[in-house]
Amino acid sequence: MTVLDNRALNRATLARQHLLTRGDTSMPEAVAHLCGLQAQEPHEPFIGLWSRLADFTPAQLDEALTGRTVVRTHLMRRTVHLVTSDDALAWRARHDTMLRGRVLGTYRRELAGIDLDEVAAAGRAAMADQQPRTMSELVQAVEDRWPGPPRRALGELLVAALIPMAQLPPRGLWHRTAGVRNLPLATWLERDIDPLPAGDSDPVGQRLLRRYLAAYGPAASADLRAWCGLAGLPAAVEAAREELVVFRDERGRELLDLPDAPRPHPDTPAPVRFLPAFDNAILGYADRSRIIDAPHLGLSVAGHRTVLVDGRVTATWTVRSRHLRVSPLRPLTAPEQEAVRAEAENLITFLDEGIDQVRLDTES
């Protein structure tokens, strides 16, 4: 069985994530290919798409959000994701159990003994007038019946687990600041959520597996679980196994992949890329060693924006006081510094925030 080292896996990830060469696909097609983008920080998906797509403009995503082609919703790992409307409707039912479990796990004592079906029915009744509500407003509409749980616990149960919700624009629009207003997905998209099909082979899970491998493979089943948060995918993996190819990583883990997916040569050059906070390419795995070194793993969950140099997380970046500051995690060679500065200048143009200087921490 072929063993793929970290550099080979790195180049495969970069290719799947449109980080070797900016893609020329449409913005909605890119969001679909990437299986969505993590979006609890509303403006970060814009940076993620700019790093991946040629000629991407913020207006494209704004138009997709207001035109309901893409939607902000709780999905993978109970985090807010930007996904296509089709995927939101196709995947939501498969995530329901996980979403409920994660909210209950967070607020186990606060929500002990509560009847979830009754809370869900009350929440849907409150939203039946098709008026967008904040989480606080929705809680206010039902809390007389459940005065015990803290408002936060009851609110997260309603909007992140029991009622599939869309977070409506202007939340998530470029250079706009807006609070979260929720509306049921089916109301906002004017289409019902797909029901889970019967059968033991988990057809929705199989589709998730194939889509995940197209954007993240080769990957282990543990990586798949870490990406989506779903524990119950063994049946899907086994049902799809015959159509997949199998590798090993240097630790001996079994890696699954689609037969014809790109796996570039490990020596393929990788350009500098500036990534947003919580980027897919980093968070999409249980084992992130293909893209980030162990001493820096905390960056991936702490909301730091990162810079890829030769395909690996090599710096962080921030914008403050009209400066774009790059803080390397290791010494950069002169050519690397030049490449980082050049891409930083491109990013400044894209951000259009009046930034007038790039600052490398290695410079005096």
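**From charged pairs to a pocket**

Author: Glu-343 counts as buried because its relative accessible area is 8%, and the cut-off is under 20%. Keep in mind that this is a predicted model. Now take the partner of Glu-343. Arg-273 has a relative accessible area of 6%, so Arg-273 is buried too. The two form a salt bridge, and their closest N and O atoms are 3.8 Å apart. This pair links distant parts of the chain: Arg-273 sits in strand β9 (residues 273-275), Glu-343 in helix α14 (residues 334-351), and 70 residues separate them.

Next, a pair with a different setting. Arg-100 and Asp-117 form a salt bridge, with the closest N and O atoms 4.0 Å apart. Here, too, distant parts of the chain are linked: Arg-100 belongs to helix α5 (residues 85-106), Asp-117 to helix α6 (residues 116-127), and they are 17 residues apart. Are these two buried or exposed? Arg-100 is partly exposed because its relative accessible area, 25%, falls between the cut-offs of 20% and 50%. Asp-117 is exposed because its 54% is over 50%.

How many salt bridges are there? The count comes to 28. Some join up. Asp-223, Asp-249, Arg-251, Arg-253 and Asp-287 are linked in a network of salt bridges.

One more pair leads us to helix α8. Arg-78 forms a salt bridge with Glu-156, and their closest N and O atoms are 2.9 Å apart. Arg-78 lies in the loop between β3 (70-74) and β4 (80-84), while Glu-156 lies in helix α8, 78 residues away in the chain. Both Arg-78 and Glu-156 are buried.

Now step back along the chain to α7. Its buried residues include Leu-138, Val-139 and Val-142. Viewed down the axis of α7, the buried residues fall within an arc of 100°, so they line one face of the helix. Here is the general idea. An α-helix has 3.6 residues a turn, so residues three or four places apart point the same way. What covers the buried residues of α7? The cover includes α6, α8 and β5 (165-167).

Between α7 (135-142) and α8 (151-162) runs a loop, and Glu-143 is found there. Its relative accessible area is 23%, so Glu-143 is partly exposed. Which residues does Glu-143 touch, leaving aside its neighbours within four places in sequence? Glu-143 is in contact with Arg-151 and Leu-154. Gly-155 is 12 residues from Glu-143 in sequence, and their C-alpha atoms are 9.5 Å apart in space.

Rolling a probe the size of a water molecule over the atoms shows where empty space is left. The largest pocket holds about 300 Å³ of space. Its lining has 15 residues, and His-74, Met-135, Arg-152, Val-159 and Gln-167 lie nearest the centre. The elements that give two or more residues to this lining are β3 and α8. Helix α8 gives the largest share, 4 residues. What is the lining made of? It divides into 5 nonpolar, 5 polar and 5 charged residues.

Key: Residues are numbered from 1 along each chain as its sequence is written. This is a predicted model: local features need pLDDT of at least 70, side-chain atom pairs count only at pLDDT 80 or more; totals for chains, interfaces and linings use all residues. Side-chain values use heavy atoms; hydrogens and water are left out. Buried means under 20% relative accessible area, exposed over 50%, partly exposed in between (1.4 Å probe, protein chains only). Contact means heavy atoms within 4.5 Å. A salt bridge is a side-chain nitrogen of Lys or Arg within 4 Å of a carboxyl oxygen of Asp or Glu. On a 1 Å grid over the protein atoms alone, a cavity is a set of points where a 1.4 Å probe fits but cannot get out, and a pocket is an open set with protein on both sides within 12 Å along at least five of seven lines; lining residues have an atom within 4 Å of a point. Grid points are joined across faces, edges and corners, and a volume is the space filled by probe spheres set on the points. Ala, Val, Leu, Ile, Met, Phe, Trp, Tyr, Cys and Pro count as nonpolar, Asp, Glu, Lys and Arg as charged, and the others, Gly among them, as polar. The arc is that of the directions from the helix axis to the C-beta atoms.
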